[in-house]
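Please look over the notes below with the model open beside you.

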Amino acid sequence: MKALVARTYGPLESLEFTELPNPEPGPGQLLVRMEAAALNAVDHVLITGEARAALPVRHPFVPGVDVSGVIEAVGAGVTGFGTGESVIAWNGVRSGALAEYTLVNTTAAAAVRPAGLTAAQGAALPTAALTAAALLDLAGAAAGDTALVVGASGGVGSYLVQLADRAGLVVLATGRNDDQEFLAGLGARYPIDYQHTDIAQEALRLVPGGVDVVFDLANAGPALARTAAAVRGGGRLVSPLRGPAAFERGVTAVYGGTTTPEGRLASLAALAATDELRPTIGADYPFAEARRALTDFATKHIRGKVTVTF
């Protein structure tokens, strides 16, 4: 099979297409013929080795954690999936999606892809939608609470705005000036242009006293204090990145990432198949241009998800 491979840790430019043996599914695994994959920030980290101490990979390494394709074979002990079915999955650090075939562990996040979703839409769901749902869980917010989503036009942010709106939260969301209509369409009550506005000041103008929770998908470390300033006293900041445990005025921080509760990916896919949750694909590339897709994803402002189709 053809695969995009990193021979060792290094820049995106070092990736190369090569032929690898077709994988064989082991117990609890699916062999999937790839139809589409989606790109994520973790791909860059795994390829370059920026977090190799915490997230090591084995080389040759095939990047890509979001899987969408057709089951070619099933391993021993697999139930709930059959040959010929369309499937989506989150492969985690093990990755492998940027190849013509990949293995999926059914004990992780895997779900039958509903007929209402294209292959690319299915690929756009796992990492981003699962992460958004996990962050919403961490917020502990209730209907009527106010929430500021920083980094709302990206993959995770675009789902988080929608899920927060579905949960009854009043959503403030940051994006560029030309993202304002897009964010409103996702359910943001108050889009904020971060390029020309101080985010915390604008949030405090819109919600005097501060919002109940900030979801900051863009900043890490001490920089989080700038958006924590938009939270009411005793409120909460939630982030998939890392930073202080607490801020001024009793604002606490909770950090987390992708989680895979049983049935959640299937539930998110069902919502997407009925247009109750909208996968936004900002750019799609053919598999032959997967390396360029990774470079563009790392360097350009693209709304929603970047996908690669086979």
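1. Ser 95 is buried, at a relative accessible area of 1%. Buried means under 20% relative accessible area, exposed over 50%, and partly exposed in between (1.4 Å probe, protein chains only). Ser 95 sits in the loop between β5 and β6 (101-105). Its phi is near 60°, a positive value in a residue other than glycine. Helices (H or I, at least four residues) and strands (E, at least two) are DSSP runs, numbered from the N terminus.

2. A word on the source. This is a predicted model, where local features need pLDDT of at least 70 and side-chain atom pairs count only at pLDDT 80 or more, while totals for chains, interfaces and linings use all residues. Residues are numbered from 1 along each chain as its sequence is written, and side-chain values use heavy atoms, with hydrogens and water left out.

3. Asp 275 also has a positive phi in a residue other than glycine, near 65°. Asp 275 lies in the loop between α8 and β14 (281-286). Is Asp 275 buried or exposed? Asp 275 is exposed, with a relative accessible area of 71%.

4. Now the sheet. Six strands make an open sheet with parallel pairing, in the order β10-β9-β8-β11-β12-β13. Two strands pair if DSSP finds at least two bridges between them. β10 (190-193) and β13 (252-255) stand at the edges with a single partner strand each, so one side of each has no neighbour in the sheet. From one strand to the next, the twist averages 20°. Four bridges link β12 (residues 231-239) to β13 in the parallel sense. Leu 237 stands opposite Ala 253 in β13.

5. Two helices pack on this sheet. Helix α3 touches β11 (211-216), β12 and β13, and its direction makes about 155° with that of β12. Helix α4 touches β8 (146-150), β9 (170-175) and β11, and its direction makes about 165° with that of β9. Axes are lines fitted to C-alpha atoms, for helices over the stretch in contact, and angles run from 0 to 180 degrees between N-to-C directions. Contact means heavy atoms within 4.5 Å.

6. How do α3 and α4 meet? The axes of α3 (residues 126-139) and α4 (residues 155-166) come within 8 Å and cross at roughly 50°. The two helices are therefore oblique to each other. Angles under 35 degrees count as roughly parallel, over 145 as roughly antiparallel, 65 to 115 as roughly perpendicular, and the rest as oblique. The crossing is right-handed, a term for the near helix being turned clockwise from the far one by less than a right angle. Residues in the contact include Ala 128, Leu 135 and Leu 136 in α3, and Val 156, Tyr 159 and Leu 163 in α4. By class, the contact has eleven nonpolar, two polar and no charged residues. Ala, Val, Leu, Ile, Met, Phe, Trp, Tyr, Cys and Pro count as nonpolar, Asp, Glu, Lys and Arg as charged, and the others, Gly among them, as polar.

7. Helix α3 also meets α8 (residues 264-273). Their axes come within 10 Å and cross at roughly 105°. That makes α3 roughly perpendicular to α8. Pro 126, Ala 129, Leu 130, Ala 133, Ala 134 and Asp 137 of α3 meet Arg 264, Leu 265 and Leu 268 of α8. The classes here are seven nonpolar, no polar and two charged residues.

8. Ala 124 lies in the loop between α2 (119-123) and α3. At 0% relative accessibility, Ala 124 counts as buried. Setting aside neighbours within four places in sequence, its contacts include Ala 38, Tyr 159 and Lys 305.

9. Strands β3 (residues 29-38) and β4 (residues 66-74) pair in the antiparallel sense over eight bridges. Leu 30 has Val 74 in β4 as its bridge partner. Five bridges join β4 to β5 (residues 86-90), again antiparallel. Ser 68 has Ile 88 in β5 as its bridge partner.

10. In helix α1 (residues 41-48), the buried residues are Asp 43, Leu 46, Ile 47 and Thr 48. They pack against β3 and α9 (290-299). Just after α1, Gly 49 takes a positive phi of about 85°.

11. His 59 and Pro 60 are joined by a cis peptide bond, with omega about 0°. Pro 60 is in the loop between α1 and β4.
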